[in-house]
Amino acid sequence: MSKRSGALVSFGRAVALVSAAGRGVFLATVTLFAISGLGMVALLLVGSSLLHELSHGARAASSMRVWWLLIAAVGVAGIVSFANAAAAGMHRLLAEQTVRYCNEVMLGAATNASLREFDSAEFHDRLQRARNNSGSALQVAMAVPQVIAAVVSAAGVTVGLAVVSPWLVPITLLSCVPLWLVGRGNSEEMYSFSFGNTPQDRARFHIERIVLDRRSAAEVRAFRLAAFMRERWSRLYDERIQEIRTLVRRFVRRSAVGAGIGSLMLCAVLVLVLILVRHGEMPVEAAATACVAILMLANRSQAAVSNLAQMMEQQLYVEEFIELRALERQLLPQSTIPIAPFRELVVDNVSFRYSAADTNAVDGVNVSISAGEVIAIVGQNGSGKTTLAKLLSGLYEPSDGQIRWDGTPLSQLTTDGGLSEAGVVFQDFARYWFSAADNIAVGDVDRADDHAAIAAAAHDADATGFIERLPNGFDTPLGVEVDGGADISGGQWQRIAIARVLFRKASFIILDEPTAALDAEAEAALFDTIQDLRAGRTIVLISHRFSTVRTADRILVLHEGRLVEEGSHAELMARDGRYAKMYGLQSRAYVG
Ligand SMILES: Nc1ncnc2c1ncn2[C@@H]1O[C@H](COP(=O)(O)OP(=O)(O)OP(=O)(O)O)[C@@H](O)[C@H]1O
Ligand SMILES: [Mg+2]
């Protein structure tokens with residue numbers, strides 16, 4: 001949890017945040033607020049001068065001076081009301097810019113994080129808080145100019161009051177101390193609660209996502225999960241509201257005590273003024289001005305401290321945000337070493353353990369891959385195939401051992417977290433709400449305009465037929481959630497994902513279960529494509545389909561993270577080990 005900082009430091013950071021979001025708008029907002037605050041002070045002074053003039057009797061009421069004072073009062077009131085209206089507009093703009101800025105930093109922090117960080121709950125809690133924080137950023141943006149305006153007008157009133165009676169100033173200012181202490185206490189408690197509640201908030205958002213997502217909509221209905229989901233969601237929300245209710249009760253009690261003490265202090269100051277008047281030590285007009293000034297100063301300084309206290313609750317999130325900004329600036333390694341297709345990729349005693357796990361997902365794997373080979377990886381569910389694929393493509397760094405690309409450790413060759421020479425079709429590939437063409441182009445965004453290459457990749461992935469039948473062909477958005485979008489089947493999506501990697505022109509291609517959703521024809525077509533791709537490329541193919549696997553040059557058999565067998569289909573069959581057993585099971589199932 002973030003450490004608390006002093007009020008001034010926090011305020012300084014908040015100002016830095018809001019002005020980083022939009023310096024011009026921030027300055028304009030603060031200036032308008034300050035004009036409005038000072039205008040109020042000017043009104044007070046003009047009002048008190050008017051009082052002074054009028055106290056000289058009926059004749060004074062028609063003097064030029066009174067007229068001028070009246071004109072000044074009307075002028076100042078007009079300026080104040082204009083400044084208020086303009087400040088409200090600017091304020092809105094400032095808030096919008098601040099939220100955008102914060103969200104931009106959050107997106108930056110997320111894209112600059114390594115894949116490994118995405119496996120940690122702590123990282124997700126942090127992102128979740130950053131997400132919630134856009135509301136806080138908005139409140140900070142709203143509060144900062146208000147605090148400044150309240151301080152400016154309080155300073156103005158202080159000058160006015162000091163002219164009448166300097167020692168009334170500190171006594172009046174003291175009356176806002178209880179309010180400040182209460183505000184700080186409240187904001188600290190609220191923040192601790194929100195911080196501690198992040199995992200529950202995430203659980204609730206997860207349910208919302210499941211219920212709102214089209215892809216899970218069918219399952220939610222098929223399993224009749226609606227009531228179950230809603231009940232879980234309600235429980236999480238009810239707990240949250242119950243906790244907040246308890247906190248608010250405490251806040252109200254505490255605030256009543258703070259406000260009571262503050263009011264008593266203010267009352268004492270006013271009584272003091274009355275006593276002074278009674279003893280003839282203060283003229284009546286001066287006392288009237290003093291009373292108005294005291295009430296106004298109390299009001300402005302209380303506004304300043306309560307705004308400041310509220311801002312500090314949000315500010316605690318801002319501190320989190322500042323940490324996130326540090327993450328955003330801490331870019332992923334950018335390789336400066338030129339990378340060319342490898343002659344040999346050596347996996348040297350590589351192990352990998354997920355942060356949350358107590359055993360290795362990949363355990364002491366040694367293997368060497370030569371350029372142009374087609375390597376298949378097989379193994380039971382959870383045997384470490386996908387993890388090994390992510391290690392080979394430089395997305396994870398080994399916990400132990402090293403992968404060398406022609407002698408250079410893979411970790412020195414990654415840029416933005418990936419390898420420019422590698423193309424991967426993931427088991428859980430992404431489905432973008434883009435056009436079919438752009439869904440393929442994401443494989444290499446620098447060549448997104450190369451329509452001929454996109455069409456060629458689609459052709460090689462056996463995707464041209466169904467894409468051309470879409471309402472707008474390659475320009476049809478994929479996803480019915482989008483206006484004019486079309487839905488495609490699971491296997492058709494898989495072909496798009498394969499086209500994506502074929503478009504990439506990478507020399508090292510990793511296909512993690514590319515055929516799982518393919519029909520027999522498409523699988524055969526992919527198999528032909530792989531044979532065509534071999535020229536100048538190295539291919540790693542992970543599959544549970546032995547019909548595809550058996551054609552590989554070499555097959556690696558993983559079991560519980562360890563490489564237990566290695567060889568061609570014929571060699572492994574002759575060995576009659578784990579591979580032969582798995583192969584036998586599958587072919588028996590086919591033969592019946
Ligand atoms: N992000 C993660 N955090 C913690 N453990 C993980 C994570 N991803 C995978 N694992 C664990 O690592 C092991 C290997 O997983 P991996 O996904 O590599 O298996 P796989 O061989 O690809 O399986 P499948 O055939 O089901 O795709 C499994 O025991 C799995 O539970
Ligand atoms: Mg897998």
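Over how many bridges do strand S1 and strand S4 pair in the antiparallel sense?

## The sheet

The answer is five bridges, joining S1 (residues 344–352) to S4 (residues 400–405). Strands here are DSSP runs of E with at least two residues, helices are runs of H or I with at least four, and both are numbered from the N terminus. Two strands pair if DSSP finds at least two bridges between them. One bridge brings Leu345 together with its partner Trp405 in S4.

This pair belongs to an open sheet of four strands, ordered S2-S1-S4-S5, with antiparallel pairing. Strands S2 (362–370) and S5 (408–409) stand at the edges with a single partner strand each, so one side of each has no neighbour in the sheet.

## About the model

This is a predicted model, in which local features need pLDDT of at least 70 and side-chain atom pairs count only at pLDDT 80 or more, while totals for chains, interfaces and linings use all residues. Residues are numbered from 1 along each chain as its sequence is written, chains are lettered from A and ligands numbered from 1 in the order in which they are written, and side-chain values use heavy atoms, without hydrogens and water.

## The magnesium site

Let's turn to the metal. Thr386 (OG1) and Gln427 (OE1) coordinate the magnesium ion (ligand 2) at 1.9 to 2.2 Å. Thr386 lies in helix H11 (residues 385–392) and Gln427 in the loop between strand S6 (422–425) and helix H12 (436–441), 41 residues apart. Donors are N, O and S atoms within 2.8 Å of the metal (3.2 Å for Na, K and Ca); water is not among the atoms, so sites may look incomplete.

Thr386 is partly exposed at 23% relative accessibility, and Gln427 is partly exposed at 44%. Buried means under 20% relative accessible area, exposed over 50%, and partly exposed in between (1.4 Å probe, protein chains only). In H11, seven of the eight residues are buried, including Lys385 and Leu388. After H11 comes Gly394, with a positive phi near 80°.

## Packed helices

Helices H2 (residues 23–54) and H3 (residues 64–112) have axes that come within 7 Å and cross at roughly 160°. H2 is therefore roughly antiparallel to H3. Angles under 35 degrees count as roughly parallel, over 145 as roughly antiparallel, 65 to 115 as roughly perpendicular and the rest as oblique. Axes are lines fitted to C-alpha atoms, for helices over the stretch in contact, with angles from 0 to 180 degrees between N-to-C directions.

For H6 (residues 177–196) and H9 (residues 226–278), the axes come within 8 Å and cross at roughly 170°. H6 and H9 are therefore roughly antiparallel too.
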